[in-house]
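Hi,

Here is the structure I said I would pass on. Have a look at it first, and then read my notes below.

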Amino acid sequence: MEITALGYIGINSSQIDQWSQMATGLLGMQQVDRGGKMRAFRMDDRKQRLIVDGSSDAGLAMMGWEVPSTAELDQLAGRLESHGVQVVRGSRALADERHVTELITFADPTGNRLEAFCKPELAAESFKPGRPISGFRTGALGMGHVVLNVEDVERLLPFYRDVLGFHVSDFGLKPYGLYFFHVNGRHHSFAMVGSGRKALHHFMVELGSLDDVGQGYDLAQMDEGRVAYTLGRHTNDHMTSFYVNTPSDFFIEYGWGGRVIDPETWKPHETFDGPSLWGHERLYMPEEQRKRLRDMRLDAAARGVRVADPRVPPLNCAWLDSVIARE
Ligand SMILES: [Fe+2]
């Protein structure tokens, strides 16, 4: 299939000054002025990754999905049309605004706007983070992931899986449908939560260092009401992260250490362990719902569910013990 990465995200929010402050001062993105009520933010060598349009408070404006070439863009457009999806070729003006060579626009069956593009423009100047971070993990893995609240997962599954060609990483069915999809080695670039409402749940950006996340966590905690989920680790993509409340009605996940899978050999499967191995206490949630999630974490912990960390040598390593003994 053609789509290889999440390229950019656009949101509509009238709170552009608060967005600028948070994106630069907390997240460490670089602001690029686009004039009027438009703000764009860099995360790497691309001219923009996050676009904030102050003309409304509609939330998610679009997701920009990357394909490698014009031929693949045409192929994707053809398949969408053969499934009855209306595809509009992006004008030169829109391509310039997105800083890509070519793009198409279309919508999913519930009206979320998607764009597919090829050949993004690179900036002449190197990326200057808004605070001293090591950088964002993007490249072939894309800018991060998007998780949507949807009314009915079953209604959207055929579109994202069979028409767009997203690959299911894993899924949960209780208490409601929850599907994770990959388009490259990132465990998921897209997910849907069948929560019964239609809105962006969060998007995630991944940092180059755990310290970037920890230092961001300190900053977030100094800002009353900013932290939405405490520091924790996700069960399926192994991301160590916290979530912040944004000036809009959704969260941003700020993470490190996400799992990279091999899409060639990966088998989709159902998961039962709950979303987090530890932490991720959802501070905004009523106690009853928090308790349900906490019980799932405690249950996983009691069963010894954990992730081996390849960066840390194993305990009781015979080789290491013999070296230490010799010294
Ligand atoms: Fe996430």
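Let's start with helix α1, which covers residues 16–26. Its buried residues are Ile 16, Trp 19, Ser 20, Met 22, Ala 23, Thr 24 and Leu 26. After α1 comes Gly 28, with a positive phi near 90°. Do keep in mind as you read on that this is a predicted model.

Next, the sheet. It is an open one made of 10 strands, with mixed pairing, and the order is β17-β10-β11-β12-β9-β13-β16-β15-β14-β18. At the edges sit β17 (269–270) and β18 (276–279), each of which pairs on one side only.

Helix α4 (residues 153–163) lies across β9, β10 (167–172), β11 and β12, and runs at about 165° to β12. Helix α5 (residues 210–221) packs on the sheet too, where it touches β14, β15 and β16 (251–256). The direction of α5 makes about 30° with that of β15.

Now for the metal. Which residues hold the protein donors of the iron ion? They are His 145 and His 202, each through NE2, and Glu 253 through OE, at 2.0 to 2.2 Å from the iron. Along the sequence, the donor residues follow the spacing H-x56-H-x50-E. The two histidines come from distant parts of the chain: His 145 is in strand β9 (residues 145–149) and His 202 is in strand β13 (residues 199–206), 57 residues apart. Are His 145 and His 202 buried or exposed? Both of them are buried.

On to the salt bridges, where the count comes to 21.

- Glu 121 and Lys 47 meet at 3.0 Å, N to O. This pair links distant parts of the chain, 74 residues apart: Glu 121 is in the loop between β8 (113–120) and β9, and Lys 47 is in the loop between β3 (38–42) and β4 (50–53). Glu 121 counts as partly exposed because its relative accessibility is 26%, and Lys 47 counts as partly exposed at 28%.
- Glu 115 and Arg 98 meet at 2.6 Å, N to O.
- Arg 186 sits in the loop between β11 (178–182) and β12 (190–193), while Glu 206 is in strand β13, 20 residues away. Both Arg 186 and Glu 206 are buried.

Finally, there is a network of salt bridges to look at, which links Glu 281, Glu 287, Arg 290, Arg 294 and Arg 297.

Cheers

Conventions:
Residues are numbered from 1 along each chain as its sequence is written. This is a predicted model: local features need pLDDT of at least 70, side-chain atom pairs count only at pLDDT 80 or more; totals for chains, interfaces and linings use all residues. Side-chain values use heavy atoms; hydrogens and water are left out. Donors are N, O and S atoms within 2.8 Å of the metal (3.2 Å for Na, K and Ca); water is not among the atoms, so sites may look incomplete. Helices (H or I, at least four residues) and strands (E, at least two) are DSSP runs, numbered from the N terminus. Buried means under 20% relative accessible area, exposed over 50%, partly exposed in between (1.4 Å probe, protein chains only). A salt bridge is a side-chain nitrogen of Lys or Arg within 4 Å of a carboxyl oxygen of Asp or Glu. Two strands pair if DSSP finds at least two bridges between them. Contact means heavy atoms within 4.5 Å. Axes are lines fitted to C-alpha atoms, for helices over the stretch in contact, and angles run from 0 to 180 degrees between N-to-C directions.
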